[in-house]
Amino acid sequence: MGDPILNYRACGAECREDWLRMLANENGLPFGTVQRLAEALGEREDFGELVHLCELGERAVK
């Protein structure tokens with residue numbers, strides 16, 4: 001998976017929080033919801049899975 005900071009920067013963000021805010025904005029979700037989804041994934045920080053969950057939008061958070 002590599003260095004998380006490099007993954008964030010590859011997505012155009014400087015840090016994890018910036019990246020989570022970008023995901024929230026792009027998918028019309030509250031920032032807190034995206035934070036909770038990321039925390040539920042744990043330290044593995046599965047970028048692909050988090051993006052998929054965010055793209056599902058409200059269906060994923062119910």
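Tutor: With helices: a helix is a DSSP run of H or I with at least four residues, numbered from the N terminus. Helix H2 is followed by Gly 28, whose phi is positive, near 65°. The model is predicted, so local features need pLDDT of at least 70 and side-chain atom pairs 80 or more, while totals for chains, interfaces and linings use all residues. Residues are numbered from 1 along each chain as its sequence is written, and side-chain values use heavy atoms, without hydrogens and water.

Student: What makes Arg 16 and Glu 39 a salt bridge?

Tutor: The term requires a side-chain nitrogen of Lys or Arg within 4 Å of a carboxyl oxygen of Asp or Glu. In this pair the closest N and O atoms are 3.1 Å apart, so the pair meets the definition. Arg 16 lies in H2 and Glu 39 in H3, so the bridge ties together parts 23 residues apart in sequence.

Student: Why is Glu 39 called exposed, and Arg 16 partly exposed?

Tutor: Buried means under 20% relative accessible area, exposed over 50%, and partly exposed in between (1.4 Å probe, protein chains only). Glu 39 has 52% relative accessibility, so it counts as exposed. Arg 16, at 26%, therefore counts as partly exposed.

Key:
Helix = DSSP H or I, 4+ residues; strand = E, 2+ residues; numbered from the N terminus.
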